[in-house]
Amino acid sequence: MQNNKGNTTLNVKDLGTETTRHVEQKPVKRIRITFIESTVDSLKNTAVDIDVVYFDSITIGRAPDNIVVIPDITVSRKHAMISKDPSGSIVLVDLNSKNGTYVYNNGVFERVNKVELRDGIVVRLGIYTILKINLIQG
């Protein structure tokens, strides 16, 4: 169970007795986006750290006014956005992109409209751009 401060309470069964243990989860401070595949060779293996304290949302797309600019013709001008949803989870939302937003799951990329981000998630934008997203707690 998670409360709005990012703390989690776990119920742990130990030798037939149930105990409750409070586990402190630190909030996500930064998001690291690493280019795995790109139409621009010099971007491959490049990482960008974004401090979520300073941004309510992080836009991703081909247009130069995005926080993360993707130089790929198959990526829409405003392709996707990373933000916090009302529950406090960090989510990636497709912004009605033409070529889609995909998450790597069980060996295949599955198209998504909205997905809760977890550390190390692999995302494909459009046809050619593949990103790894890490959540850095602080």
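**Strand order and sheet layout**

Read along the sequence, the protein follows the pattern β-β-β-β-β-β-β-β-β-β-β-β-β. That gives 13 strands and zero helices. The model is predicted, and residues are numbered from 1 along the chain as its sequence is written.

Some totals describe the protein as a whole. It has 138 residues, and 40% of them count as buried, where buried means under 20% relative accessible area. The accessible surface comes to about 8500 Å², with 49% of that area belonging to carbon and sulfur atoms. Contacts can also be sorted by separation along the sequence: among those between residues at least 6 apart, 34% join residues at least 24 apart.

Next comes the sheet. Strands of a sheet pair through backbone hydrogen bonds, either parallel or antiparallel. Here, six strands form an open sheet in the order β4-β3-β13-β12-β9-β10, and the pairing is antiparallel. The edges are taken by β4, residues 47–51, and β10, residues 108–112. Each of these two has a single partner strand, so one side of each is left without a neighbour in the sheet. Direction ignored, neighbouring strands of this sheet are turned by 30° against each other on average.

The end of the sheet at β10 can be followed down to individual residues. Strand β9 covers residues 101–105 and runs antiparallel to β10, with five bridges joining the two. Within this pair, valine 103 stands opposite glutamate 110 in β10.

Terms used:
Predicted model: local features only at pLDDT ≥ 70, side-chain atom pairs only at ≥ 80, totals over all residues. Heavy atoms only, no water. Helix = DSSP H or I, 4+ residues; strand = E, 2+ residues; numbered from the N terminus. Buried < 20%, exposed > 50% of the residue type's maximum accessible area, 1.4 Å probe, protein only. Contact = heavy atoms within 4.5 Å. Areas by Shrake-Rupley, 256 points an atom, 1.4 Å probe, with all protein chains shown as cover. Pairing = 2+ DSSP bridges. Axes fitted to C-alpha atoms, helices over the stretch in contact; angles between N-to-C directions.
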